[in-house]
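Here is a short briefing on one protein model. Please keep the structure open while reading.

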Amino acid sequence: MMRQVSSTQVPVQRTSPEKQEAISVLKAHRTLVAIVGGLVAVTKVHIDTDIGGDIDDLCALAMLLRWPDDIEISGITTVAEIGGKRAGYARYVCALEGRGDIPIAAGADVSGDFYRYPPGLHPEERYWPEPTAPAPGPVTEAVQLLKRSIEQGATIVAIGPLTNLYLLDNHHPGILEHVRLFLMGGYIYPTRPGFPDWGNEDDYNFQVDVKSAKYVLEHSNPTLITLSVTAETFLRRAYLNELKTSGALGRLIARQAEAFAIDEKKDIEYGERCPGLPLSIAEICSSKMPK
Ligand SMILES: [Ca+2]
């Protein structure tokens, strides 16, 4: 016969108040550990860029700014500077995303006699929606910003000439040796059939400042993103409508892409020559255009 539990009987309280408090503390501790674990997992990235030339650098910066929470931009340095114009552009782009907190410093300037031919800027009135103030500064600030990022464990991604990295290692010999470094540039393997048949002479980032490129390659252990990789990366005209509805940053990319298509006519050139690309979609620009 089953025993009846009277209405006056209550189930035994298995967890004392002290134990409940201890469990709460444990749960809070676990939450804290999870948060800290998440913070530790954040990847810091420093981007060294010649934004203001071909529009791939704008796309790269936009990608990082819109990346999910596990990426933190520790700093931005500009290279092949023209009186701080590129740093001004970087500052403008970050401000569009409400990221005026990201440290930005103008690096090596074209007046410094580093470059075999003068890197240029696209016409501001067509590529930018409004006049953009330059943000010049002593190159030592860019060197220090790179150093700070490295000390924070940041991955350094260089998508322009390597002048700033050369200057960094000159100021702090050996610093590049153990940096997690990604360099966009160089030609090692031919492009795959069907894609733009760029050769060594089409490289820009390494060739425009050979002295710095040679030095950095000899004093670091980088991962190279060579021409044959970038030759397969395109921004397509079909993307533009969606970009135009993606806020001010998307509209800026679309604006520059349309201006770039008019100036460079890559859609015609590669649309006709490259069976590796979808012919139904006119190509606008590649991630790396030879100058
Ligand atoms: Ca670039």
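This is a predicted model: local features need pLDDT of at least 70, side-chain atom pairs count only at pLDDT 80 or more; totals for chains, interfaces and linings use all residues.

Residue numbers start from 1 along each chain as its sequence is written.

**Overall**
- The protein chain holds 11 helices and eight strands. Both are DSSP runs numbered from the N terminus (helices: H or I, at least four residues; strands: E, at least two).
- Of the 291 residues in the protein chain, 37% are buried. Buried means 20 or more other C-beta atoms within 10 Å of the residue's own; exposed means 12 or fewer, and partly exposed lies in between, with C-beta atoms placed from the backbone.
- Take contacts in the protein chain between residues at least 6 apart in sequence: 77% of them join residues at least 24 apart. A contact requires C-beta atoms, placed from the backbone, within 7 Å.

**Nonpolar cores**
- In soluble globular proteins, nonpolar side chains tend to be buried together.
- The largest nonpolar core has 57 residues, and A90 and I104 touch the most other members. Such a core is a set of buried Ala, Val, Leu, Ile, Met, Phe, Trp, Tyr and Cys residues joined through C-beta atoms within 7 Å.
- Helix α5 gives this core its largest share, six residues.
- Leaving out residues up to four places away in sequence, I104 touches I76, A87, A90, R91, C94 and A135.
- Another core, of six residues, lies apart from it; F195, W198, L227 and Y270 are among them.

**Helices α5 and α6**
- The axes of α5 (residues 139–151) and α6 (residues 163–171) come within 9 Å and cross at roughly 80 degrees. Axes are lines fitted to C-alpha atoms, for helices over the stretch in contact, and angles run from 0 to 180 degrees between N-to-C directions.
- The two helices are therefore roughly perpendicular to each other (65 to 115 degrees).
- V139, A142, V143, L146 and K147 of α5 meet N164, L167, L168 and H171 of α6.
- These contact residues divide into six nonpolar, two polar and one charged. Ala, Val, Leu, Ile, Met, Phe, Trp, Tyr, Cys and Pro count as nonpolar, Asp, Glu, Lys and Arg as charged, and the others, Gly among them, as polar.

**Positive phi**
- Most residues other than glycine have a negative phi.
- A80 has a phi near 55 degrees. A80 sits in the loop between β2 (71–78) and α3 (85–96). With 28 C-beta neighbours inside 10 Å, A80 is buried.
- D113 has a positive phi of about 65 degrees. Its loop runs between β3 (104–106) and α4 (124–127). D113 is exposed, with 6 other C-beta atoms within 10 Å.

Technical notes:
Angles under 35 degrees count as roughly parallel, over 145 as roughly antiparallel, 65 to 115 as roughly perpendicular and the rest as oblique. Two residues are in contact if their C-beta atoms, placed from the backbone, lie within 7 Å.
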